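Here is a short note for a first look at this structure. Please read the points with the model open.

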Amino acid sequence: MSWRRPSARTISILALTAGLVVSSRGANAIALSGQPLDGASPAAESTPAAAENAVLQAEASRLTAQYQSNPQALRQSAQAALSAGRNDATVAAFLKLRWAGRLSAGLERFGALLSFTDGQRLTLGAAGVRRYAAQLHDGLLHDGPSRLITVSTQGQRLIAYEAGQVVVDTPVTTGRPALPTDIGAMKVLHKDAPWTMQSPWPKGSPEWYPDTVVQMVVWFTKNGEGLHDASWQPAATLGPGSQYGPFASHGCIHVPLAAVRTLFEWAPIGTPVVVYPGDGSSVASQARQQSVDAMGNPVSGVRGD
């Protein structure tokens with residue numbers, strides 16, 4: 001493998017091909033929506049392509065020095081950043097945030113360079129992926145809803161944010177394969193404490209369960225899906241893979257009691273709840289799994305437990 005420091009010419013050509021005139025909250029006064037902040041004109045405030053290229057060149061040079069003896073580790077690190085960026089882009093797309101498509105496209109352009117074996121394109125790809133992934137995450141936290149609940153079905157993880165800060169970060173258990181939790185952008189509809197879960201399936205059905213009391217429920221669909229505690233499930237069984245285990249839900253999301261108590265008190269009616277695959281695949285691939293309509297109403301059948 002050739003592992004030379006990327007030249008300024010290489011970076012300039014590829015960066016310009018990628019259309020890199022990208023906004024960054026920390027670097028300029030252009031909002032991610034593409035509109036200038038504080039009345040500034042785009043011409044006066046946008047970051048010049050040359051400055052963007054210089055940032056990428058500096059990052060590529062740093063990565064070359066850091067990973068010069070282990071390019072495979074660089075590739076793996078960049079691929080992890082690509083997956084994280086795609087997941088954030090999917091959440092942003094489900095929320096219909098206008099800037100997401102542009103940044104996602106940039107992420108994919110640089111992600112394509114990770115498949116090359118020569119050091120110049122690999123380090124450039126890694127630098128671009130990291131930059132776009134960081135901007136996607138920053139945009140989601142600061143140019144998205146002020147309060148947001150996200151749930152990754154692949155990671156079986158719930159994270160709630162307020163003004164860019166993490167309020168809750170916890171493992172969860174979502175719906176079993178036969179009754180998966182709906183995918184897409186939904187919202188908090190109402191809350192109950194306590195609540196008796198009653199099976200919508202008749203006794204004798206493989207999905208039937210006896211009346212079960214939970215302490216708190218934060219409902220996010222009219223189909224019977226909610227965030228709630230599950231005293232019958234050991235805490236150690238929450239998390240990745242639990243949607244296939246014996247405690248997988250009938251569509252609800254099992255959350256530790258302390259976490260759901262925080263969510264119950266913190267999340268007002270209307271708070272967005274975005275459930276997304278979180279498998280690191282492209283936005284298009286993850287979007288194909290969406291099971292809610294344009295208004296956020298699930299098109300699946302009833303859920304519960």
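1. The largest nonpolar core has 62 residues. Such a core is a set of buried Ala, Val, Leu, Ile, Met, Phe, Trp, Tyr and Cys residues joined through side-chain atoms within 4.5 Å. Buried means under 20% relative accessible area (1.4 Å probe, protein chains only). Ile149, Leu158 and Leu227 have the most contacts inside this core. Helix α6 gives the most to it, with 10 residues.

2. The model is predicted: local features need pLDDT of at least 70, side-chain atom pairs count only at pLDDT 80 or more, and totals for chains, interfaces and linings use all residues. Residues are numbered from 1 along each chain as its sequence is written, and side-chain values use heavy atoms, with hydrogens and water left out.

3. Helix α6 covers residues 119-142. Helices are DSSP runs (H or I, at least four residues), numbered from the N terminus; strands are E runs of at least two. Of the 24 residues of α6, 18 are buried, so the rest of the structure largely encloses this helix.

4. Which residues lie nearest the centre of the largest pocket? They are Ala185, Met186, Lys187, Met295 and Gly296, among 21 lining residues. A pocket is an open set of points on a 1 Å grid where a 1.4 Å probe fits, with protein on both sides within 12 Å along at least five of seven lines; lining residues have an atom within 4 Å of a point. Strand β4 (residues 184-187) supplies the largest share of the lining, four residues.

Key: Expected span 1.5 Å × (residues − 1). Buried < 20%, exposed > 50% of the residue type's maximum accessible area, 1.4 Å probe, protein only.
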